[in-house]
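Take a look at the fold before reading on. The walk below goes from charged pairs to nonpolar cores.

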Amino acid sequence: MREINNFIKDKKVDLKKLKEFGFKLIDNFYYYHTSLLKNQFKMLVKINLNNSIFVEIIDIETDEPYVLHLLEEKRNGYSEKVYKAYKEILEKIKKECFEDEIFKANYTKEIIEYIKNKYGDELEFLWEKSPKNAVVRRKSSNKWYAVMLTIPKRKLNLDSDELIEVINLHNIEEEIEKLIDYKKYFPAYHMNKKHWCTICLDGTVGLEEIYKLIDISYELAEK
């Protein structure tokens, strides 16, 4: 079986939808079998719990793996038909069984879940040119109270080009001045630095502390 994880980059699997689609759980892997081109080939899809996806096409006549559809430069009319049928199945699985996962840090996921459970608010991705940046707004006022970004650490004057997920939160000016220490709290990236600060979602600030600051930011968004 060939691994094709690039196909589901920035996606996460929905196990309930996998089952609804027809996948069967066997030894921590989800398996799906289907046929292609009027039963000339069978297609096997295997997905494990860490989101890796493997696919194999078997020529039913020879009972051997078929790979010509994967060789773009060598595809002819027949292998092109196999490729189109194969791609159609994969696209359907991606559409029906996977959802977007832009943010990958566990801290970020916990915070997204906290906001969703407490306030019922979802991330909004507003910028086509910045697909890894999102805002959360308060329904009653339509004002932002959290902004989640993926940026190089160097943008916070840290000596690294490593990408990191951060959150911008609103607070009163006096509190922002107390918080900023350039280690745990930073002047807000791309926002008003008097009223917002940036926190790295890498464990340098505890989740409970971040939750309290989210609640403050939410309250301030009412005005």
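Is E99 buried, partly exposed or exposed? This is a predicted model. In it, E99 has a relative accessible area of 34%, so E99 is partly exposed. Its salt-bridge partner is K12, at 3.5 Å from N to O. K12 also counts as partly exposed, at 33% relative accessibility. K12 sits in strand β2 (residues 11–13) and E99 in strand β8 (residues 98–100), so this pair ties together parts 87 residues apart in sequence.

The whole structure holds ten salt bridges. Another of them joins D215 and K118, at 3.2 Å from N to O. D215 belongs to helix α5 and K118 to helix α3, so the pair links parts that are 97 residues apart in sequence. D215 is buried, because its relative accessible area is 19% and the cut-off for buried is under 20%. K118 is partly exposed, at 46%.

R154 pairs with D159, the closest N and O atoms being 3.2 Å apart. R154 is partly exposed at 39%, whereas D159 is exposed at 72%. Salt bridges with shared partners join R154, D159 and D161 into one network.

Now turn to the nonpolar residues. The largest nonpolar core has 28 residues. I111, I115, Y145, I167, I199 and I214 touch the most other members. Elements giving two or more residues to this core include α3 (106–119), β10 (144–152) and α5 (207–220). The largest share, six residues, comes from α5. Leaving out residues up to four places away in sequence, I199 touches V166, I167, L169, I210 and L213, among others. Apart from this core lies another, of 27 residues, among them F41, A85, I93 and C97.

Note on methods
Residues are numbered from 1 along each chain as its sequence is written. This is a predicted model: local features need pLDDT of at least 70, side-chain atom pairs count only at pLDDT 80 or more; totals for chains, interfaces and linings use all residues. Side-chain values use heavy atoms; hydrogens and water are left out. A nonpolar core is a set of buried Ala, Val, Leu, Ile, Met, Phe, Trp, Tyr and Cys residues joined through side-chain atoms within 4.5 Å. Buried means under 20% relative accessible area, exposed over 50%, partly exposed in between (1.4 Å probe, protein chains only). Helices (H or I, at least four residues) and strands (E, at least two) are DSSP runs, numbered from the N terminus. Contact means heavy atoms within 4.5 Å. A salt bridge is a side-chain nitrogen of Lys or Arg within 4 Å of a carboxyl oxygen of Asp or Glu.
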